[in-house]
Amino acid sequence: MKSKKWTASTIVMHLLIILGALVSLFPFYWLAVMATNQSAEFMRFPPVLTFGDQFMTNARNLFASVNFLRAMTNTFIVAAVKTFFGVFFCSLAAFYFAKFKFPGRKFLFGFCLLTMMIPPQLNMIPQLIIMNKIGWLSTLRALIVPGLIPAFGVYWMNQYCTGAIHDDLLSAARIDGCSTFGMYLHVGLPIIIPGCAFLCIYIFMDSWNDYLWPLIVTSDSAKNTLQVALAQLQGAYNSIDYGMVMCGVLLATLPLFIVFVLFSKQFMADIASGAVKD
């Protein structure tokens, strides 16, 4: 068995990687520490770096200040629905753009890319007027439908389909009598799952962290999303309870970690397999 030689450059490289990882993880550690301490500990110098015993107290203050569980449920529903249908429609559209030739294909795909150049803030007023006209204000439908199919998702999946799905596989499926949608479902979709995994992470995190659109389109507190509820904590007391705020941010961050762990394994496995050649 060949032993690995630890040269000076290798040691320095590993030390830099470890240092970078610690620097990246420290804000999350600090968040967890402050969520378990009183608000007064936030301003101490030197800063507190050990966990306290005030997590349950901060959590009780959090639930008493805002309807946190309701806001988290609303956010999860919006993010889950947008992720499922967004990945389905983006991958379906990208599959047809990448593997089938039809009139207007280049124009439609170019128009889709053009929408990525428009700042989302410019779309909010027209979208708000439309939501008001159809009676969707302060509903979860108004949070889901306008951003259901992101243009970036179509672009990303188009690039993935172009390189991952071989034309011979589709020709063989067509000879076997497979329908066009069947080729997407049985041939294309199993191959592009790693790309879909990344898109799941992207759409879910983007929906979970969205603040401005839910703030504009919802006026009913029962339809508030998590980011809007967290913003309201600053006005919950005369002085900001930082321990309570950090507790809310910590609880709001945990689902993102879970989603990232669930879907990143498939995406990273695909990257690792592509790095090894026979």
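Helices (H or I, at least four residues) and strands (E, at least two) are DSSP runs, numbered from the N terminus. Axes are lines fitted to C-alpha atoms, for helices over the stretch in contact, and angles run from 0 to 180 degrees between N-to-C directions. This is a predicted model, in which local features need pLDDT of at least 70, side-chain atom pairs count only at pLDDT 80 or more, and totals for chains, interfaces and linings use all residues. Residues are numbered from 1 along each chain as its sequence is written, and side-chain values use heavy atoms, with hydrogens and water left out.

**The helix pair.** Select residues 180–191, helix H9, together with residues 193–208, helix H10; their axes lie 5 Å apart at an angle of about 70 degrees. H9 is therefore roughly perpendicular to H10 (the class for angles of 65 to 115 degrees; under 35 is roughly parallel, over 145 roughly antiparallel, and the rest oblique).

Next, display the side chains of Leu189, Pro190 and Ile191 in H9, which meet Ile193, Pro194 and Cys196 in H10 (contact means heavy atoms within 4.5 Å).

**The whole chain.** Now select everything: the chain has 13 helices and zero strands. Its C-alpha trace spans about 70 × 70 × 30 Å along the principal axes. Colour by burial next: 36% of the 278 residues are buried (under 20% relative accessible area, with a 1.4 Å probe and protein chains only). Finally, draw the contacts between residues at least 6 apart in sequence; 73% of them join residues at least 24 apart.

How values were computed:
Buried means under 20% relative accessible area, exposed over 50%, partly exposed in between (1.4 Å probe, protein chains only).
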